[in-house]
Amino acid sequence: MELPHGAAVISAGAVTFEDIRAAAHRLAGVAHRTPVVTSSSLDARCGAKLFLKCENLQRMGAFKFRGAYNLLAQLSPETRARGVVAFSSGNHAQGVALAARLFGVSATIVMPTDAPAVKLSATREYGAEIVFYERERSHRDEIARSVAQERGATVVPPFDDPRIVAGAGTAALELLEDAGPLDAIVVPVGGGGLMGGTAIAAHGVDPAIAIYGVEPQAGDDFAQSLARGERVTIAVPKTIADGLQTTSPSDLTFAVAREHGSTVVTVGDDELRDAMRFAFERMKLVIEPSGAAGLAALLHGHIPGIGGKRVGVVISGGNVDPARFAELMTRAN
């Protein structure tokens, strides 16, 4: 498969288009095939034809279920029976907890003490055990690996695994099947699993599709990394987008972004609030701050050259506490 300028075929052992198609087969009848919605008001404001893939309506409220289930589905029954461990501020936690419940195995989730209450509650309701950590003082991955070693369980990382990336890519595959040809796809960026899976899926269909990732201005580790040509680590960012508070890309997701010529732009918290408000008022969609990143970038003109183009947008999640949502909607920009 020939890829656009600046990209390359993913090396063996990483993630391929066939991996994403296989993940789609595993998820068929398990994950929701979320709707693709449009808005004439949104098109007029952005000067393009936009297609929103509503993963806020996915099982457990975010795209993260796709990767979690795809990974667990590929574990042997014996391995799954020993349980799984994950670390997450919320959406990946819920995705792993739900997938584990569907397979009838135990899940332990390492979560920060400041995790949103709605995400914490849902993770517990799916049957997972929660281990807390201080976001500013502890390393969640180290805690998770220690717990997994003690219990003989399998760690399910939030983005640094080919099976997670392949599962995430199934959202873009569906988007292209339902919306038809696209010139570009815009997605939120935390660790880069969604952007990576989207790029591989999109370029498996049409190598000319441009891929844009969007992260918070305060958490621009991916943008910095691409600009420098090497992985950059930053402090835990202060942003309302709790699902995008990563501090560095992984080797896997950074490699995929570079090889597929992905571009990363940033948005401010006020722009995220504005996008959430637009989606709620004009499209009747409830989106969490992280899930609104792509929409925010388009509404505020951060994606270049889209005039008259057909653009896909992945709305990655909608897990936001009602009181927090009301606060964000009523706060003046």
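**Helix on helix.** I looked up where α12 and α14 touch: R273, M276, R277 and F280 in α12 meet F325, L328 and M329 in α14. Contact means heavy atoms within 4.5 Å, and helices are DSSP runs (H or I, at least four residues), strands likewise (E, at least two), numbered from the N terminus. By class, this contact has 5 nonpolar, no polar and 2 charged residues. Here Ala, Val, Leu, Ile, Met, Phe, Trp, Tyr, Cys and Pro count as nonpolar, Asp, Glu, Lys and Arg as charged, and the others, Gly among them, as polar.

**Ground rules.** I noted that this is a predicted model, where local features need pLDDT of at least 70 and side-chain atom pairs pLDDT 80 or more, while totals for chains, interfaces and linings use all residues. Residues are numbered from 1 along each chain as its sequence is written, and side-chain values use heavy atoms, leaving out hydrogens and water.

**The sheet.** Next I checked the strand order, and found an open sheet of 4 strands, β5-β4-β3-β6, with parallel pairing. Strands pair if DSSP finds at least two bridges between them. β5 (129–133) and β6 (154–155) stand at the edges with a single partner strand each, so one side of each has no neighbour in the sheet. I then zoomed in on β3 (residues 84–87), which pairs with β6 over 2 bridges in the parallel sense. There, V84 stands opposite T154 in β6.
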